[in-house]
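Work through the exercises below with the sequence and the structure at hand. Each task is followed by a solution in steps.

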Amino acid sequence: MKNSLEAINKRTEWFRESRFGMFIHWGLYSIPGKGEWIRSHQRLTVEEYEPYFESFNPTEYNPREWARQAKAAGMKYMVLTAKHHDGFCLFDSDYTEYKATNTPIGKDLVKEFVEAVREEGLKVGLYFSLIDWYHKDFPKYADLNHPMRGNEAYKDEKIDFDNYLTYLHNQVKEIVTKYGKIDILWFDYSYEEMVGEKWQATKLIEMVRHYQPDVIVDNRLETSGEGFGSIVTDDIQLYSGDFVSPEQIVPHEGIRNYKGDPVPWELCLTMNNNWAYNPTDYLYKSSKTLIRKLVECVSKNGNMILNVGPDALGQINSPSLAILNDFHEWMSRNGESIYGCVGAYDLPKPEWGYYTKKDNVIYAHVFEQPIGPIALPGLKEEEIKRMSFLHDGSEVKISKSWTTNAFPDMCFAQFGEIPHFTYPLPCDVDSVIKIELRGDKNEN
């Protein structure tokens, strides 16, 4: 059985309409506060990591508040790390004792999360690691990432990888059967020979689709953030996933398949330089940068999922909340230029920012302060029905300045009374001009 781009596009309709989501990396690793890869980076044994399991007690955990914050920021879906590489489960699994219900908090935290997200009207996503550094039958000595890699004590260890695969499949079945409708299943990740059918990926996805026929899946049963997988080829595997997942980089032209057809994709991005909570990482990207990256993704037919790493108590910290609030301020006025929009590939990219489009409307995202009129490359005066700033509806005129007479083939916009004067943009992050067109200029 194969997958197809037609089926992928149908499943991802709501996803491509939504454009913006929240990633949440949270677990035992939030206690040491050095990232979710701490066991691997510091080569910690299970015993050395155990104190975090024994003390995990996020008494401030309030997923309803997380969901409210995501919704206010304009996010339409949320993805939580139900299990990361350390093997610890935020859900009440029947197949391990290494789970939240056996820690001081004593709760199925995934159950509370999915209920809270649904109550806020957002789509529910769960992240699940294919890797498990806790399970006795996961490869250690020769593995690329395992904390015990290169440890001579494990050089001749005999493992039963089939037993691990049974465990993996059983836990994924729990995820897709115990929590109602799941909208996104975010696997992570494949590497070296640990790819595709090494995970019995066809069998796994057949099971997932049996219980959750509409769930959308990322591409990391085949690859990682470094690659695309078969979704961009003429031989799309059943387990190809429904979207490509570039990490910490915006593809320079979006992502297309071998024929040049757009393929769904989603940038996964951190606010600072860590996915999980790190109280010493103060290198937060500016809200301006993050908002503009969302715009850039949409202009290239992509989504963006922005990460937060709650602390050990379950709280989202102040710098992250400030960024979410800035998204609220911008998205509440300009979200129309994001939701359901695609790239305006029939128009040249403007030097001052980006175009997005929807139906018969072009949205000009103006990042750079112009001097005098603003050139609108690819648009003609006779095609334009009306222009206005999206945030307040105020008029933007077609410029008739004498300064533009030397460029008769270019249409210019102006705001402010005197056409050749320079007026400050209303928003220094991104001032969006809504350009309503006559006829079908903007249709694919």
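A crossing of two helices is right-handed if the near helix is turned clockwise from the far one by less than a right angle, and left-handed if anticlockwise. The model used here is a predicted one.

**Exercise 1.** Describe how H7 and H8 pack against each other.

Step 1. Find helix H7 at residues 161-177 and helix H8 at residues 201-211.

Step 2. Take the geometry: the axes are 9 Å apart, and the angle between them is about 20°.

Step 3. Apply the cut-off: angles under 35 degrees count as roughly parallel. H7 and H8 are therefore roughly parallel to each other.

Step 4. H7 brings His169, Val172, Lys173, Val176 and Thr177, and H8 brings Lys203, Leu204, Met207, Val208 and Tyr211. Sorted by class, this contact holds 6 nonpolar, 2 polar and 2 charged residues.

**Exercise 2.** State which residues of H8 are buried and what covers them.

Step 1. The buried residues of H8 are Ala201, Leu204, Ile205, Met207, Val208 and Arg209.

Step 2. Their cover includes H7, helix H1 (5-11) and the strands E4 (184-188) and E5 (216-217).

**Exercise 3.** Describe the crossing of H5 and H6.

Step 1. Helix H5 spans residues 63-72 and helix H6 spans residues 109-119; their axes come within 8 Å and cross at roughly 40°.

Step 2. The crossing of H5 past H6 is right-handed.

Step 3. On the H5 side the contact is made by Pro63, Arg64, Trp66 and Ala67, and on the H6 side by Glu112, Phe113, Ala116, Val117 and Glu119. These residues divide into 6 nonpolar, no polar and 3 charged.

**Exercise 4.** Which residues of the largest nonpolar core touch the most other members?

Step 1. The core has 106 residues, and those touching the most other members are Met78, Phe113, Phe187, Trp199, Leu306 and Phe327.

Step 2. Helix H7 gives the most to this core, with 8 residues.

Step 3. Take tryptophan 199 and leave aside its neighbours within four places in sequence. Its contacts include Leu130, Phe138, Phe161, Leu165, Leu168, Tyr189 and Leu221.

Step 4. Another core, of 21 residues, lies apart from the largest one; among its members are Leu347, Val366, Ile374 and Leu437.

**Exercise 5.** Is arginine 43 buried or partly exposed, and is asparagine 301 buried or exposed?

Step 1. Locate both residues. Arginine 43 is in the loop between helix H3 (38-41) and helix H4 (46-55), while asparagine 301 is in the loop between helix H9 (287-299) and strand E7 (303-308).

Step 2. Note the backbone. Arginine 43 has a positive phi of about 50° although it is not a glycine. Asparagine 301, also not a glycine, has a positive phi near 65°.

Step 3. Use the cut-offs: buried means under 20% relative accessible area, exposed over 50%, and partly exposed in between. At 43%, arginine 43 is therefore partly exposed. At 14%, asparagine 301 is therefore buried.

**Exercise 6.** Which residues does a cis peptide bond join?

Step 1. The cis bond joins aspartate 188 and tyrosine 189, with omega about -15°.

Step 2. Tyrosine 189 is in the loop between E4 and H8.

Technical notes
Residues are numbered from 1 along each chain as its sequence is written. This is a predicted model: local features need pLDDT of at least 70, side-chain atom pairs count only at pLDDT 80 or more; totals for chains, interfaces and linings use all residues. Side-chain values use heavy atoms; hydrogens and water are left out. A nonpolar core is a set of buried Ala, Val, Leu, Ile, Met, Phe, Trp, Tyr and Cys residues joined through side-chain atoms within 4.5 Å. Buried means under 20% relative accessible area, exposed over 50%, partly exposed in between (1.4 Å probe, protein chains only). Helices (H or I, at least four residues) and strands (E, at least two) are DSSP runs, numbered from the N terminus. Contact means heavy atoms within 4.5 Å. Axes are lines fitted to C-alpha atoms, for helices over the stretch in contact, and angles run from 0 to 180 degrees between N-to-C directions. Ala, Val, Leu, Ile, Met, Phe, Trp, Tyr, Cys and Pro count as nonpolar, Asp, Glu, Lys and Arg as charged, and the others, Gly among them, as polar. Angles under 35 degrees count as roughly parallel, over 145 as roughly antiparallel, 65 to 115 as roughly perpendicular and the rest as oblique.
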